Amino acid sequence: MNKREKKFEARNELILQAAERLIMDSGYHALKMSDIADTLEIAKGTLYLHYKSKEELVFELIKPKMTEFREIVESTVSEDFHPVQQVERIIDEALSSSFFTFVLTSFPDMGAIFAEAKAKELQSIQDKVIACFERIIERGKRERVFTEDLPTHFSALQLMQVLDPLVYTLLVREDSMTHADFVKYTTLHYLNSIRA
């Protein structure tokens, strides 16, 4: 990588960091490309050399966080833990992940990003996560730990629903429940719903 490419990459990282801070402070819809340019004291045109749109920029923020979460789920599935322990670990890791934190701090605005450009790529990552959940649930059914009464896909989607930022916000941010208690009760609630 030559000097010019290194400078471009360094500036790109600064842009992503500034955008993430601004989103966490004000939300996705309040973010303007000019705000990022002003924060970094660069020309707006320079910013557009890196990212053609706000949606593209935010996609570059969220994709690595979703990919990291997918990797955590995949590694949990590949480990030889009991299915209940796998579910416990996934819920704990999910609610502590940088993906969840980012979505939580910019909720409810983040929903707009998933409906806009790059939605297929994000959906592909999410589909891989759900497929991993299905593998855990199927294993639990084979081992007679999880109920046969619920369809596997339904149980997998319900596990994905654990990441709903609204519930977390209502119980942890606006009430007196701690993060640790939320993780504990969420895990207990989910496991009780699928146990054999």
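Which residues make a nonpolar surface patch of about 290 Å²? I looked this up first. Leu166, Val167, Leu170 and Leu171 make the patch. I note for the record that the model is predicted.

**Overall layout**

I counted elements next. The protein has eleven helices and zero strands. Read from the N terminus, the order is α-α-α-α-α-α-α-α-α-α-α. I then took the extent along the principal axes. The C-alpha atoms fill a box of roughly 60 × 40 × 25 Å.

I checked burial and surface. The protein has 196 residues, and 42% of them are buried. Its accessible surface comes to about 10700 Å². Carbon and sulfur atoms account for 51% of that surface.

I also looked at contact range. I took contacts between residues at least 6 apart in sequence, and 71% of these join residues at least 24 apart.

**Leucine 170**

I went back to one member of the patch. Leucine 170 sits in helix H10, which spans residues 165-173.

**Threonine 147**

I moved to a loop. Threonine 147 lies between helix H8 (119-142) and helix H9 (152-161). I checked its cover. Its relative accessible area is 13%, and because buried means under 20%, threonine 147 is buried.

What does the side chain of threonine 147 reach at 3.0 Å? I found the backbone nitrogen of aspartate 149 there. I then left aside neighbours within four places in sequence and listed the remaining contacts. Threonine 147 is in contact with Lys141, Ser193, Ile194, Arg195 and Ala196.

**Threonine 186**

Threonine 186 is in helix H11, residues 179-194. Its relative accessibility is 14%, so threonine 186 counts as buried.

Where does its side chain make a polar contact? A polar atom of the threonine 186 side chain lies 2.6 Å from the backbone oxygen of phenylalanine 182. I set aside residues up to four places away in sequence and checked what else is touched. Threonine 186 touches Ile91 and Val162.

I ended with a distance across the chain. Glutamate 88 and threonine 186 are 98 residues apart along the chain. Their C-alpha atoms are separated by 9.4 Å.

Terms used
Residues are numbered from 1 along each chain as its sequence is written. This is a predicted model: local features need pLDDT of at least 70, side-chain atom pairs count only at pLDDT 80 or more; totals for chains, interfaces and linings use all residues. Side-chain values use heavy atoms; hydrogens and water are left out. Helices (H or I, at least four residues) and strands (E, at least two) are DSSP runs, numbered from the N terminus. Buried means under 20% relative accessible area, exposed over 50%, partly exposed in between (1.4 Å probe, protein chains only). A polar contact is a pair of N or O atoms within 3.5 Å; within protein, one must be able to donate a hydrogen and the other to accept it, and residues adjacent in sequence count only if both atoms are side-chain atoms. Contact means heavy atoms within 4.5 Å. Patches are made of residues with over 30% relative accessible area and no salt bridge: like charges are joined within 9 Å, nonpolar side chains (Val, Leu, Ile, Met, Phe, Trp, Tyr) within 5 Å. Accessible areas come from the Shrake-Rupley method with a 1.4 Å probe; for residues, only the protein chains shown count as cover. A salt bridge is a side-chain nitrogen of Lys or Arg within 4 Å of a carboxyl oxygen of Asp or Glu.
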